[in-house]
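Reader: I'm new to reading protein models. Could you walk me through one, feature by feature?

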Amino acid sequence: MKYEKVFLIGNPIAGGSAFKKITKAENILKNKGVSVETLLTEKQGDAERFAKQIKGSKILVIAAGGDGTYNEVVNGLAFSQIPMAVLPMGTTSVLAKELKIPKNTEKAIDIALKGRVQKIHLGRIKNKEKQRLFILMAGIGFDGLAVFNVDSQKKRYFKKIAYILSGIKTLLNYAPTELRISNSEIKKAFSAVVCKASCYGGSFKLAPDADLRKPCFYAFLSQTRSKFELALQISGVIFGKHIKMRDTEYFRTEFLEITGDAHVQIDGDYFGKTPARIEIVKDALNLVFPEE
């Protein structure tokens with residue numbers, strides 16, 4: 001498709017010289033003869049607000065940042081016909097890894113302009129206070145608590161290291177309460193990750209069967225209270241052995257009801273607490289994929 005205008009929604013403090021990359025991307029687009037408008041975020045919620053305000057046809061939105069920025073743009077563009085492309089920056093940019101979008105700005109822009117636009121299915125999570133769409137995953141229990149414990153100042157200056165430090169701290173103090181997870185049957189666990197995408201924490205394949213184009217989730221449950229066993233399961237994720245480890249369960253589903261007392265994160269940002277319902281929202285977003 002030939003786009004008449006591109007909106008570049010960017011987080012200038014996402015990390016990895018983000019502002020310079022956004023400026024470079026803007027110049028690349030202009031040099032290609034593309035009409036471009038750059039919208040820079042200053043605070044949480046800006047990217048979603050910008051995306052909701054964009055109207056028209058033959059328009060492309062490029063989300064330039066990390067997974068938090070992508071999530072906001074997804075929530076702003078969902079159910080519209082405007083496609084979203086990705087320019088990787090930020091702490092981990094798991095979505096960029098899922099889509100195999102290179103970090104090289106010129107190559108990423110080329111994919112944004114020439115890639116295949118495909119409808120994808122999103123996840124939606126609701127608790128008593130709010131609801132939100134997600135594109136990658138929802139983490140309940142250990143995952144949610146680790147994100148809840150991330151120090152905002154450390155995140156700003158140390159990026160991915162802040163998450164690693166919080167994960168270590170959370171594991172050392174791990175004392176979970178039991179969760180009840182139900183779809184067609186009730187399962188018990190102490191931690192869960194409900195995956196819409198296969199990648200997790202970078203390039204690790206937590207749910208190797210998951211695909212943004214599939215109308216379902218793949219859920220991974222940890223059914224142990226033990227810090228030692230959880231640490232083994234985490235190492236199992238690194239080496240791709242976690243699915244067959246003891247005290248775990250892995251299954252496909254289209255919805256889950258989760259009760260218990262646990263923290264929740266979606267797409268790497270804190271969401272809130274359980275109880276919560278997670279469900280598939282079909283054909284919710286136009287996303288740009290690299291050409292095969």
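Author: Let's start with Thr224, which sits in the loop between strand E13 (217–222) and helix H9 (227–239). Helices (H or I, at least four residues) and strands (E, at least two) are DSSP runs, numbered from the N terminus. This is a predicted model, where local features need pLDDT of at least 70 and side-chain atom pairs count only at pLDDT 80 or more, while totals for chains, interfaces and linings use all residues. Residues are numbered from 1 along each chain as its sequence is written, and side-chain values use heavy atoms, leaving out hydrogens and water.

Reader: Is Thr224 buried or exposed?

Author: Buried means under 20% relative accessible area, exposed means over 50%, and partly exposed is in between (1.4 Å probe, protein chains only). Thr224 has 5% relative accessibility, so it counts as buried.

Reader: Which residues does Thr224 touch?

Author: Contact means heavy atoms within 4.5 Å. Not counting residues up to four places away in sequence, Thr224 touches Tyr174, Phe190, Glu229, Leu230, Gln233 and Asp247.

Reader: With which side chain does the side chain of Thr224 make a polar contact?

Author: A polar contact is a pair of N or O atoms within 3.5 Å; within protein, one must be able to donate a hydrogen and the other to accept it, and residues adjacent in sequence count only if both atoms are side-chain atoms. Here the partner is the side chain of Glu229, at 3.3 Å. The Thr224 side chain also reaches the backbone nitrogen of Ser226 at 3.0 Å.

Reader: Why is helix H3 described as largely enclosed by the rest of the structure?

Author: Helix H3 covers residues 67–77, and ten of its eleven residues are buried, so the rest of the structure largely encloses it. Among the buried ones are Tyr70, Val73 and Leu77.

Reader: What should I look for in the backbone angles?

Author: Most residues other than glycine have a negative phi, and most peptide bonds are trans. Now look at Lys100, where phi is positive, near 60 degrees. Lys100 is in the loop between helix H4 (94–99) and helix H5 (105–114), and it is exposed, with a relative accessible area of 63%. Asp283 also has a positive phi, of about 50 degrees, but this residue lies in strand E18.

Reader: Which peptide bond is cis?

Author: The one from Thr274 to Pro275, with omega near 10 degrees. Pro275 is in the loop between strand E17 (269–273) and strand E18 (276–289).
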